[in-house]
Amino acid sequence: MTTTDDPFGDAYRCVHESGARPGVTHLVYEMDDGYIYAEDAVNYFHGPDTWLPVDRMACEYATGRILDIGCGPGRHSSVLARAGKDVVGIDTSRGGVEVARQRGVEAHVASVAELPDDLGTFDTFLMLGANLGLLGDQEHSRGVLEGLARHARPGARLLGTNMAFAEAAGADPLAPQGVHTARAHSGEEFVRMRVRHRTAATEWFDFLFCPPGRLDEVTHGTPWTVHAVHQDDSTAWPTYLADLRLEG
C-alpha cells in the first residue's frame, strides 16, 4: 500500500468527476485495533436533508463571515455559499479544496493548527461532520483555540460537532469496536486511525471523541467558553453540537 497525504482528495475528485454518482469510490477508515469500515465518498456531496441534525443546526446558527474548518469538497460550505452566506473553507486536502472551489466555495489549503495570517477575521467558525475532533488533546487544542481567537471578531462563536462515543460505548453494544479500545490521553478519548482510498493511505493519526462533559477541560485556559451543548440521541450513535463563545 502506498502512502499519500491526500486520499480524501483523490476520492473527492473521483466522485465529482462522475457527477456525484453513488458507488463510484469509497473511503476506508481503519482503526489500529483492526476495526475497519467503509463509507461511500458521495456522502460528502449530499445536501442538508442527509446531514446529521446537529450539523444542520450549526449551519442555521452560523452568521456573519464564516470559516468552514475541514471543508472537504464543500459539503456544508457550498450550501451556505449558494444561500448567499459569506463563507470561506479550509482543508489540508488539496483535492478537497480543488473540488470545493469548483463547487463555488472560496477555499484554501490550510490547517486549523496553522491558519494563514492573511485569512482575515470571522464571526463564526464551523467544525462539522465531527470535526471538533480536530482539536486533538488538551495541549494541542489550546494552541488551536488560541489561533482561532486571533482570527475572531468580537462576539465570535465556534460551532463544532462530535460523537459522544466515549460516554456511550460502554453501554451500547452497537458502538464501534475502535471506541471500546480507545486510548485515554489527558482525560479525553482518542482513536488511532488512518484513512485509505484504493491502494493509498494516510499516516496514522489520533482523532478525538470528546464527551460533552469534558468540553470545559478542553477549553480551560483558552479564550473560549462553553456556552451551550445540544445533544442528539436520535441517531445510531449519539452526536452533539458544542457552541463555544469568545470571552470578552
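These entries go through the sheet, the helices on it, the salt bridges and a few single residues.

**Entry 1**

I am working from a predicted model. I began with the strand order. Seven strands make up an open sheet, running E6-E5-E4-E7-E8-E14-E13, with mixed pairing. The edges are E6 and strand E13 (224-232), each of which pairs on one side only.

Next I picked out one pairing. Strand E4 (residues 65-69) and E7 run parallel and are joined by three bridges. Which residue in E7 is the bridge partner of Ile-66? I found Thr-124 there.

**Entry 1: helices on the sheet**

Helix H2 (residues 53-61) lies across E7, E8, E13 and strand E14 (239-246), and runs at about 25° to E14. H4 also packs on the sheet, where it touches strand E5 (86-91) and E6. The direction of H4 makes about 165° with that of E6.

**Entry 2: salt bridges**

How many salt bridges does the structure hold? I get eight. I went through some of them.

Arg-13 forms a salt bridge with Asp-10, and their closest N and O atoms are 3.3 Å apart. Arg-13 and Asp-10 are about one helical turn from each other, because they sit three residues apart in helix H1. Arg-13 counts as partly exposed at 22% relative accessibility, and Asp-10 counts as partly exposed at 28%. I noted a network here too: salt bridges link Asp-10, Arg-13 and Glu-98.

Arg-153 and Asp-123 meet through their side chains in a salt bridge, 2.9 Å from N to O. This pair links distant parts of the chain, with Arg-153 in strand E8 (residues 152-163) and Asp-123 in strand E7 (residues 122-127), 30 residues apart. Arg-153 has 29% relative accessibility, so I count Arg-153 as partly exposed.

Arg-192 and Asp-206 also meet in a salt bridge, at 3.5 Å from N to O. Arg-192 is in strand E10 (residues 188-197) and Asp-206 is in strand E12 (residues 205-209), so this pair ties together parts 14 residues apart in sequence. Both ends are partly exposed: Arg-192 is at 28% relative accessibility and Asp-206 at 30%.

**Entry 3: Arg-103**

I wanted to see an arginine without such a partner. Arg-103 sits in the loop between helix H4 (94-102) and strand E6 (106-109). Arg-103 is buried and has no salt bridge.

What I do find is a backbone oxygen: that of Pro-73 lies 2.9 Å from a polar atom of the Arg-103 side chain. Not counting residues up to four places away in sequence, Arg-103 touches His-16, Tyr-44, Phe-45, Pro-73, Gly-74, Arg-75 and Ser-78.

**Entry 4: Ser-141**

Ser-141 is in helix H5 (residues 138-150). Is Ser-141 buried or exposed? I put Ser-141 down as buried, because its relative accessibility is 0%. Its side chain reaches the backbone oxygen of Val-218 at 3.4 Å. Leaving aside neighbours within four places in sequence, Ser-141 contacts Leu-135, Gly-136 and Val-218.

**Entry 5: loop residues**

Ala-130 has phi near 70° and is found in the loop between E7 and H5. Ala-130 counts as buried because its relative accessibility is 8%. Arg-198 has a positive phi of about 55° and lies in the loop between E10 and strand E11 (200-201). Arg-198 is exposed, with a relative accessible area of 58%.

Last, a glycine. Gly-19 lies in the loop between helix H1 (7-17) and strand E2 (26-31). Gly-19 counts as exposed because its relative accessibility is 57%. The C-alpha atoms of Gly-19 and Val-42 are separated by 9.6 Å, and the two residues are 23 apart along the chain.

How values were computed
Residues numbered from 1 in each chain as written. Predicted model: local features only at pLDDT ≥ 70, side-chain atom pairs only at ≥ 80, totals over all residues. Heavy atoms only, no water. Helix = DSSP H or I, 4+ residues; strand = E, 2+ residues; numbered from the N terminus. Buried < 20%, exposed > 50% of the residue type's maximum accessible area, 1.4 Å probe, protein only. Lys, Arg positive; Asp, Glu negative; His and termini not counted. Salt bridge = Lys/Arg side-chain N within 4 Å of Asp/Glu carboxyl O. Polar contact = N/O pair within 3.5 Å; in protein donor to acceptor, adjacent residues only side chain to side chain. Contact = heavy atoms within 4.5 Å. Pairing = 2+ DSSP bridges. Axes fitted to C-alpha atoms, helices over the stretch in contact; angles between N-to-C directions.
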